[in-house]
Amino acid sequence: MNFVKFGIAILLLSSVSSCKWEKQKKGIPELAKNGESLIRVNKFLVNKDEILIRNFVRRQQWDMKATKSGLWYQIYQKGKGKKAEPGKIAVYNYSISLLDGTVCYHSKIGYPAHFRIGQGGVESGLEEGILFLREGDKARLIMPPYMAHGLLGDENKIPPLSVIVYDIEIVKIVDE
């Protein structure tokens, strides 16, 4: 929802800088009205995805937990290695699929992916979910669109507004 508020603020600021004040005063109530509509639509989509995920988890009979942000996670194999922490590098194998089971992406055997935790560049759901894990853990992360690829998808294999399922194995946590 912060994304919607940010977008509204940008619209308001851009209209202020591009028009004379007298002209824009007339347009502000209309922008506010549209902003309220966007917030309602956003709440509707978030609730729809919550129900979709909850029903999916129930059908799969997975014992998952949900965070306040909307990420669902399940650690189904516990490791004993280093804990993932901001600033460290997570090396991991993964598979990303849609709720219908379509596999969109996966790491190649022998070539795990990696990223520096807390630096961005990956889905916000992965940034959040990785912090629950340690070396050797295998887990599932279910991310609603706003924590994954959003309104547009990835414009390749992940469609717009898609809930995604990450199946992830932490190979190593590097202390660099």
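Two residues are in contact when heavy atoms lie within 4.5 Å. This report applies that term to a predicted model.

**Surroundings of K88**

K88 lies in the loop between β2 (72-77) and β3 (89-98). Apart from neighbours within four places in sequence, the residues in contact with K88 are K83, F115, R116, I117, I173, V174 and D175. Because buried means under 20% relative accessible area, K88, at 17%, counts as buried.

**Salt bridges**

Side chains of opposite charge can pair when their charged atoms come close. The structure holds 5 salt bridges, including those in the table.

| Pair | N to O distance |
|---|---|
| K48 and D49 | 3.3 Å |
| D175 and K82 | 3.1 Å |
| K88 and E85 | 3.6 Å |

The pair of D175 and K82 links distant parts of the chain: D175 belongs to the segment after β7, K82 to the loop between β2 and β3, and 93 residues separate them. D175 is partly exposed, with a relative accessible area of 46%, and K82 is partly exposed at 37%. E85, the partner of K88, is partly exposed, with a relative accessible area of 37%. A network of salt bridges links K82, E85, K88 and D175.

In the pair of K48 and D49, K48 is partly exposed at 36% relative accessible area, whereas D49 is buried at 5%.

**Nonpolar surface**

L151, L152 and L161 form a nonpolar patch on the surface, and together they have about 300 Å² of accessible area. L151 is placed in the loop between β6 (138-143) and β7 (164-174). With a relative accessible area of 57%, L151 is exposed.

How values were computed. Residues are numbered from 1 along each chain as its sequence is written. This is a predicted model: local features need pLDDT of at least 70, side-chain atom pairs count only at pLDDT 80 or more; totals for chains, interfaces and linings use all residues. Side-chain values use heavy atoms; hydrogens and water are left out. Patches are made of residues with over 30% relative accessible area and no salt bridge: like charges are joined within 9 Å, nonpolar side chains (Val, Leu, Ile, Met, Phe, Trp, Tyr) within 5 Å. Accessible areas come from the Shrake-Rupley method with a 1.4 Å probe; for residues, only the protein chains shown count as cover. A salt bridge is a side-chain nitrogen of Lys or Arg within 4 Å of a carboxyl oxygen of Asp or Glu. Helices (H or I, at least four residues) and strands (E, at least two) are DSSP runs, numbered from the N terminus. Buried means under 20% relative accessible area, exposed over 50%, partly exposed in between (1.4 Å probe, protein chains only).
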